[in-house]
Amino acid sequence: MPCPALPDGFDFTDPDLLQHRVPLPEFAELRRAEPVRWIPQSGNAAGFRDEGYWAVTRHADVKYVSTHPEIFSSYLNTAIIRFNEHIRRESIDAQRFIMLNMDPPEHTRVRQIVQRGFTPRAIRGLEDRLRQRARDIAEGARAHEGPFDFVTSVACELPLQAIAELIGIPQDDRAKIFEWSNKMIAYDDPEYAITAEVGQQSAAELISYAMNMAAERKRCPAHDIVSTLVAASDEGNLNSDEFGFFVLMLAVAGNETTRNAITHGMHAFLTHPEQWELYKERRPGTAAEEIVRWATPVVSFQRTATQDTELGGKQIRKGDRVGIFYASANHDPEVFDRPDEFDVFRDPNPHLGFGGGGPHFCLGKSLAVLEINLIFNAVADTLPGLRLVEDPRRLRSAWINGVKELRVGVG
């Protein structure tokens, strides 16, 4: 196959690129001609002081990397594919305490504990409360007399309230979680003027908040998930530090990603009005999965090769970073019929928006799907005539498909 025609220096993790668009045409070119390709990086662009990474773009290859943690490690360089060039190595290594950046068997131990909070029974127990919260959010948005920001008025609210319900954070504190999580991921966006130090301080404040919660539940257990995870002192529970890092992960993995899926989903509906009309009329249960496929809130994560291996006909050396691009995999025509069409009735839909399987498959998938279904049902009931006022303003980020603002109008 001929080499793909990409411009010299093209980098799929360039935050300037992702601020404007997800590079779907370039992903398509790689899938066709060179599905595993070395992407050089100059200097210390990603913070790893190496020469670049392998871009993995086909659905099958992304799944293979995801399901072979013994070959492709999350721990060695973390799952974040690009930090800023000034980050210190000890700051990267400190993130290994987050479950996202662990490998088995330690990952297995921690996941077995925290998944107690995500059982079908636990999620069902939240459903009625979250349904009412979704209705209240939509009603509040309808009260706007003029155009408003869908992100802050609608999309961010239910994920924050769901996390607060799940782990017992007072609802009045959800604004703190919103602010801390925004600062942790916004280090690439100059509009926020967030330095790496500010992001690290926000992470420390969130961890401290969660550790204090854990300590309080150990002293006085309650009927909530925090007590379930930390109150007992045997090895089957999280210590306060582990709980702090678990909440840190929830703030990004359970808040930022679901918020962006909801925002992209609304934008997709408003730019595909025939799909919005079909959704309002029939409320298909397949819609949430298609919204996640279409949005793919996390464009990519990375793994690091633990040994010399081969992938897609390329020789991967021990220590090489490997970027797994979910946004590309979710548009792979070998897997999806008409992948570039937004179709809320798509079924089957084996997208990788919740990860490529394996140990790091999204722990909170069922909760995210519930939130997406509830909020769009509420919007369809309460704001059926919602209209797009301005194009979305995108987050400048190396790995998140984020939207900072989506201006909409009522009717």
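Predicted model: local features only at pLDDT ≥ 70, side-chain atom pairs only at ≥ 80, totals over all residues.

Reply: Residues are numbered from 1 along each chain as its sequence is written, and side-chain values use heavy atoms, with hydrogens and water left out.

Me: Are α12 and α16 parallel, antiparallel, perpendicular or oblique to each other?
Reply: Helices here are DSSP runs of H or I with at least four residues, and strands are E runs of at least two, numbered from the N terminus. Helix α12 (residues 240–271) packs on helix α16 (residues 365–382) at about 40°, with the axes 10 Å apart. Angles under 35 degrees count as roughly parallel, over 145 as roughly antiparallel, 65 to 115 as roughly perpendicular, and the rest as oblique. Therefore α12 is to α16 oblique.

Me: How many residues of the contact of α12 with α16 are nonpolar?
Reply: Contact means heavy atoms within 4.5 Å. From α12 come T258, A261, I262, G265, M266 and F269; from α16 come A368, E371, I372, I375, F376 and V379. Ala, Val, Leu, Ile, Met, Phe, Trp, Tyr, Cys and Pro count as nonpolar, Asp, Glu, Lys and Arg as charged, and the others, Gly among them, as polar. Two are polar, one is charged, and the nonpolar ones number nine.

Me: Is the pair of F12 and F27 stacked or edge-to-face?
Reply: Rings of Phe, Tyr and Trp (its six-membered ring) pair if their centres lie within 6.5 Å; planes under 30 degrees apart are stacked, over 60 edge-to-face, and the rest tilted. The centres of F12 and F27 are 4.7 Å apart and the planes stand at 10°. So the pair is stacked.

Me: How many residues apart are W38 and W54?
Reply: Their rings form an edge-to-face pair, 5.3 Å centre to centre with 70° between the planes. W38 is in strand β1 (residues 36–40) and W54 in strand β2 (residues 52–56). The pair links distant parts of the chain, and the separation is 16 residues.

Me: Is W276 buried or exposed?
Reply: Buried means under 20% relative accessible area, exposed over 50%, and partly exposed in between (1.4 Å probe, protein chains only). W276 is found in helix α13 (residues 273–282). Its relative accessible area is 3%, so W276 is buried.

Technical notes:
Axes fitted to C-alpha atoms, helices over the stretch in contact; angles between N-to-C directions.
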